[in-house]
Amino acid sequence: ANNHENPVLAGLNPDQYRAVTHSGGPLLISAGPGTGKTRTLTCRIAWLLQSEAAVPEQILAVTFTHKAADQMKQRLAGLMGPDAVLPEARTFHSFCFSLLREIKNAADHGIADEQDRRALLAEAADRVRAGGTKVSDRIETLMDRVANAKQRILGPDDDLEPIAGESAPLFSRIYSAYQDLLDIERLWDYEDLICQTVMHLESDSVLCETLCKRLPFVFIDEYQDLNYAQYRLVRQLCPADGKICVIGDPDQSIYGFRGSDPAYFQCFETDFPGAETICLRQNYRSTQTILSAAGQVLGPKNGTRHSEPVFSGISGTPYLHLIRAADQRGEAVAVGKTIEQMVGGMGFDFHDFDKAARFSGDGAHRSFADFAVLFRTRAQAEVFAGVFQDAGIPCRLVSKAHAWEAAGIAEPVSALKILEGCAASRDLLRVLGVLFPDFPQKDMADLRAWGRRRGLSVNGLLAEAHRTGVESLSSGASQSLARFVHQLTDLETSTRTDPAPEKLEKIFQWLGPFLPQASEQTKETIAELRRMAGAFGTDIRGFTETLALCSDADFCKDGSEKVSLLTLHAAKGLEFPVVFVAGCENGLIPYHRAEINPADIEEERRLFYVGMTRAMSELFLCSARTRKVHGQTRQQQPSPFVAEIAADLKKQAGPNFARKSRQVQLQLFSK
Ligand code: ATP
Ligand code: MG
């Protein structure tokens with residue numbers, strides 16, 4: 001076929017073309033931001049399918065977020081046509097979750113969320129205390145240690161000294177009790193998904209071989225963010241001469257604090273001898289100005305750059321915009337004002353606030369979806385969300401807790417899980433708590449303990465309790481429970497064949513009268529929940545799983561007319577025409593932790609680099625002179641990273657801007 005007419009190959013540059021049509025074994029694509037790595041990977045998958053080198057069932061594409069996986073599926077659908085059968089694009093965790101359930105024949109297992117983990121670890125610590133041992137570790141410490149151990153594929157009986165030091169023997173007992181509780185609850189925690197999959201694959205070579213045969217084509221995006229457990233998984237999934245294709249950029253490795261290590265990226269060629277390496281150099285996303293400035297943050301002064309510099313043929317505003325506001329509210333107002341002006345298409349000179357001259361950008365007419373505000377910490381985001389809301393600027397905030405865990409949403413989702421037979425005991429308690437607010441706490445605990453002693457799942461417990469009664473419950477609680485089982489059975493019968501959205505609808509009808517008045521935010525989340533449910537049809541399990549495995553980045557939905565407020569971490573892989581990096585102040589960028597070591601600073605640098613390189617046309621670096629941190633007003637110095645950018649690449653907003661931005665009301669869109 002003519003390459004220019006084939007949508008899979010059209011417009012690729014020669015290096016991208018080579019990567020897409022590479023035939024044979026391991027392939028590494030190592031390149032800087034915006035060079036089309038993700039696009040190349042998607043085209044390569046499409047190419048394999050188109051040229052009949054592979055069928056969709058043989059391909060596994062792994063990404064780090066559901067959003068990235070979704071985006072890949074959409075791009076593939078765009079290339080292959082709407083009717084094509086598409087291969088699996090999954091996150092590491094969702095892939096392992098399905099695999100683990102298949103291997104262990106454990107269809108009723110669910111995923112422990114943050115609250116589950118906290119509660120179960122507290123209970124595990126209590127069990128150890130009950131044996132007469134003093135446990136003084138904080139739950140957070142224990143949670144960190146468990147996660148840490150699992151990221152290193154260490155079980156309770158392994159040598160845990162590297163994790164817990166002197167208290168390793170004690171930690172081992174708590175860890176072990178915690179695993180028992182997870183088992184009883186039929187739950188896996190996030191790290192279990194990968195850790196246990198690896199343990200299974202490593203101890204069962206037949207299983208491993210079967211899997212390699214079933215999925216000979218493996219693709220991994222953002223390979224530089226692999227942690228040890230994921231690395232071991234990859235080694236099991238792909239033979240050394242296998243058809244593995246990974247892409248990444250060591251300069252964008254930002255998950256060291258979660259155990260990621262770009263060393264696995266660097267040893268790809270050793271692990272997979274004969275691997276072909278392809279570098280991409282041209283950036284198709286950002287203006288050269290943005291790239292030059294971002295490059296100065298990484299090196300050469302700092303000598304920390306790993307990959308080749310990228311270049312761009314896109315020209316535009318020859319400088320970044322610096323906004324320095326009086327305080328954090330002023331910062332948000334200044335950003336809001338700027339967005340209003342740009343959306344209003346009025347033309348706007350940021351550097352002289354009084355002059356409504358057309359600024360020297362591309363003068364494009366912007367919509368709200370073109371903007372992103374990026375933060376180091378979530379606390380910053382709330383100030384912005386507040387100011388934007390008051391001003392009537394539609395925005396989407398990555399919330400602190402998972403949106404699905406909020407009151408008014410969590411209960412219906414829990415009810416859905418109970419209906420579906422994949423609930424944990426906390427789901428039961430949650431729904432009971434809503435329906436029967438005076439269900440005594442003690443009876444709740446008794447009920448749970450009763451089920452645990454019998455090793456019952458939630459649905460098992462309900463059936464058994466209904467059959468035999470629970471002797472220790474008060475009569476009020478027994479009656480409530482009986483009513484609950486009754487209502488549930490009715491609902492189960494009437495919704496048996498319903499697809500996810502209808503089921504959810506009926507659950508909302510059932511629980512609605514007992515739920516608190518929904519806020520705007522809650523209503524929006526419910527709408528989003530319904531929309532997501534629609535995509536799953538009758539696959540309710542798939543739907544609840546996806547909810548459980550969602551990460552921050554997944555809340556940034558495409559196609560809606562809103563400004564995105566996200567953390568720098570969640571912005572990975574995305575792009576926006578206009579980007580504001582908020583809080584460019586020493587202490588936030590780089591972020592000051594209790595103990596800072598040089599490696600952390602380097603990671604902070606890369607994080608800032610990732611943030612900057614999300615911008616296509618305009619990049620604003622914003623800061624405040626004073627900021628309230630933990631209730632105290634602090635004087636803030638500018639970020640040292642910003643100082644490393646050459647003076648001629650940045651331009652400060654005029655003095656009027658900072659001053660006026662405090663007084664000026666946001667008007668254009670205010671209600
Ligand atoms: P990151 O490192 O930030 O994840 P990336 O290398 O994965 O970036 P992509 O997101 O794949 O980059 O591509 C960046 C942008 O460049 C996208 O909008 C993509 O469509 C565009 N692009 C990539 N290759 C080409 C090309 N050959 N011609 C035109 N546009 C391209
Ligand atoms: Mg990418």
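Reader: Which way do β15 and strand β16 (residues 615-624) run, and how many bridges join them?

Author: Two strands pair if DSSP finds at least two bridges between them. Helices (H or I, at least four residues) and strands (E, at least two) are DSSP runs, numbered from the N terminus. Here β15 and β16 run parallel and are joined by five bridges. V579 has L619 in β16 as its bridge partner. The model is a predicted one, in which local features need pLDDT of at least 70, side-chain atom pairs count only at pLDDT 80 or more, and totals for chains, interfaces and linings use all residues. Residues are numbered from 1 along each chain as its sequence is written, while chains are lettered from A and ligands numbered from 1 in the order in which they are written.

Reader: Which residue stands opposite V578 in β15?

Author: That residue is F371. Strand β12 (residues 371-375) runs parallel to β15, with four bridges joining the two.

Reader: How many of the residues of strand β15 (residues 576-581) are buried?

Author: The test is a neighbour count: a residue is buried if 20 or more other C-beta atoms lie within 10 Å of its own, exposed if 12 or fewer, and partly exposed in between, with C-beta atoms placed from the backbone. Five of the six residues of β15 are buried, which leaves the strand mostly covered. Over the chain of 671 residues, 46% count as buried.

Reader: How many residues of helix α24 (residues 540-549) are buried?

Author: Eight of its 10 residues are buried, so α24 is largely enclosed by the rest of the structure. Among the buried residues of α24 are I540, F543, T544 and E545.

Reader: What does the radius of gyration say about the whole chain?

Author: The secondary structure first: the chain has 27 helices and 19 strands. Its radius of gyration is 26 Å, close to the 26 Å that the globule rule gives for 671 residues, so the chain is as compact as a globular protein of that length. The radius is taken over C-alpha atoms, and the globule rule is 2.2 Å times the number of residues to the power 0.38. The C-alpha trace spans about 80 × 60 × 55 Å along its principal axes.

Reader: What share of the contacts with a separation of 6 or more joins residues 24 or more positions apart?

Author: Two residues are in contact if their C-beta atoms, placed from the backbone, lie within 7 Å. Of the contacts with a separation of 6 or more, 78% are between residues 24 or more positions apart.

Reader: How many residues does the largest nonpolar core have, and which have the most contacts inside it?

Author: A nonpolar core is a set of buried Ala, Val, Leu, Ile, Met, Phe, Trp, Tyr and Cys residues joined through C-beta atoms within 7 Å. The largest has 114 residues, and I45, Y178, V218 and F219 have the most contacts inside it. Helix α2 gives the most to this core, seven residues. A second, separate core has 68 residues, including V563, A571, L574 and L621.

Reader: Which residues is I45 in contact with, leaving aside its neighbours within four places in sequence?

Author: They are I59, A61, L76, P87 and F219.

Reader: What surrounds ligand 1?

Author: A residue is near a molecule if its C-beta atom, placed from the backbone, lies within 6 Å of it. Ligand 1 has 18 residues around it, the closest being G36, K37, T38, R39 and Y284. Helix α2 (residues 37-50) supplies the largest share of this shell, three residues. By type, the shell has four nonpolar, nine polar and five charged residues. Ala, Val, Leu, Ile, Met, Phe, Trp, Tyr, Cys and Pro count as nonpolar, Asp, Glu, Lys and Arg as charged, and the others, Gly among them, as polar.

Reader: Where is H630 found, and is this residue buried or exposed?

Author: H630 is in the loop between β17 (626-629) and β18 (632-635). With 6 other C-beta atoms within 10 Å, H630 is exposed. Its phi is positive, about 50 degrees, although H630 is not a glycine. The strands β17 and β18 pair in the antiparallel sense over four bridges, and V629 has Q632 in β18 as its bridge partner.

Reader: Is E222 buried or exposed?

Author: E222 counts as buried, with 25 C-beta neighbours inside 10 Å. E222 lies in the loop between β6 (217-220) and α11 (228-237), and its phi is near 55 degrees, a positive value in a residue other than glycine.

Reader: Which peptide bond is cis?

Author: The bond from I589 to P590 is cis, with omega near 0 degrees. P590 is placed in the loop between β15 and α25 (598-612).
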